[in-house]
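Visitor: I would like to learn how to read a model like this one. Could you take me through it feature by feature?

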Amino acid sequence: MDFLTIATLFYSVSLAISGQEESEGVKYASKCEVCKILSTELEGRLEETSKTSEVIETGYSIEKSKKKTQYTKSELRLVESLEGLCERVLDYNLHKEREDSTRFAKGMSQTFKTLHGLVDKGVKVELGIPYELWDKPPAEVTNMKTQCETLLEQNEEAIEEWYFNHQGEVPLQTYLCSERALKGDDDSCLLEQPSDDSVVKEKSDKTEL
């Protein structure tokens, strides 16, 4: 790796860490990006509990027997899935080597993989913050968590409607984002997927290092 490449990495990472404005390297998540990740995470949590055949009993009247409901169709499952949902946003990292919504993804970014590789090889890397803070969520991610909480609060009724009446028929991303939260706004980010080149590059990163 030549000096220019290393210098470029240091500059881009330093901008992300310093919290400077968008014109100098910080670009906060758009509403489309936030809705995309919120819907992805909620559907992921629901998928985790979709295979159970558990039946729960609800109701507290001593005069009537308790109502039996399949857990997968219960309000309890929705409540549990929504609890702490936006905390999962903090599992994402900013992949500054990407320019579209796929810049927000789980796993270490290509930039930081390279920097960690340099440190492992004994290269002294100075970013202006302690090494143990390198992997802390950047400003873009912590800001997206706040936006997620706001979006979730504003669309609770729509999510409930989808969960009880449209789940399995319409993707949450379509129902919540395209048709409601982003109606009339740009929702093109919902179609963006990591390019084949970036996937191959990340898979081969350890070999390159």
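Guide: We go from the overall fold to the core, then to a helix, a residue and a pocket. Keep in mind that this is a predicted model.

Visitor: How many helices and strands does the protein chain have?

Guide: There are 9 helices and 4 strands. Along the sequence they run α-α-β-β-α-β-β-α-α-α-α-α-α. Of the 209 residues, 36% count as buried. Take the contacts with a separation of 6 or more: residues 24 or more positions apart account for 64% of them.

Visitor: Which residues have the most contacts inside the largest nonpolar core?

Guide: Begin with the general idea. Nonpolar side chains tend to be buried together in soluble globular proteins. Here, the largest nonpolar core has 32 residues. Those with the most contacts inside it are C35, L38, F104, M144, I159 and L176. At least two residues each come from α2, β3 (92-94), α5 (139-154), α6 (156-165) and α7 (172-181). The biggest contribution is from α2, with 7 residues.

Visitor: What does C35 touch, leaving out residues up to four places away in sequence?

Guide: C35 touches L151, L176, C177, A181 and L182.

Visitor: Which residues of α6 are buried?

Guide: They are A158, I159, W162 and Y163. Now look down the axis of α6: these buried residues fall within an arc of 135°, so they line one face of the helix. They pack against α2, α3 (75-82), α5 and α7.

Visitor: Is L152 buried or exposed?

Guide: Use the cut-off: buried means under 20% relative accessible area. L152 has 12%, so L152 is buried. This residue is found in helix α5. Setting aside neighbours within four places in sequence, L152 is in contact with L38, L82, C86 and I159. Two of the partners, L38 and I159, are also listed among the core residues with the most contacts. As for A181, that residue is 29 residues from L152 along the chain, and their C-alpha atoms are separated by 10.0 Å.

Visitor: Now the open space. Which residues lie nearest the centre of the second largest pocket?

Guide: The general idea is simple. A probe the size of a water molecule, rolled over the atoms, shows where empty space is left. In this model, the second largest pocket holds about 240 Å³ of space. Its lining has 13 residues, and K36, T40, Y92, F104 and A105 lie nearest the centre. The elements giving two or more residues to that lining are α2 (31-48) and β4 (104-106).

Visitor: How many lining residues fall in each class?

Guide: The lining has 5 nonpolar, 4 polar and 4 charged residues.

Methods:
Residues are numbered from 1 along each chain as its sequence is written. This is a predicted model: local features need pLDDT of at least 70, side-chain atom pairs count only at pLDDT 80 or more; totals for chains, interfaces and linings use all residues. Side-chain values use heavy atoms; hydrogens and water are left out. On a 1 Å grid over the protein atoms alone, a cavity is a set of points where a 1.4 Å probe fits but cannot get out, and a pocket is an open set with protein on both sides within 12 Å along at least five of seven lines; lining residues have an atom within 4 Å of a point. Grid points are joined across faces, edges and corners, and a volume is the space filled by probe spheres set on the points. Ala, Val, Leu, Ile, Met, Phe, Trp, Tyr, Cys and Pro count as nonpolar, Asp, Glu, Lys and Arg as charged, and the others, Gly among them, as polar. A nonpolar core is a set of buried Ala, Val, Leu, Ile, Met, Phe, Trp, Tyr and Cys residues joined through side-chain atoms within 4.5 Å. Buried means under 20% relative accessible area, exposed over 50%, partly exposed in between (1.4 Å probe, protein chains only). Contact means heavy atoms within 4.5 Å. The arc is that of the directions from the helix axis to the C-beta atoms.
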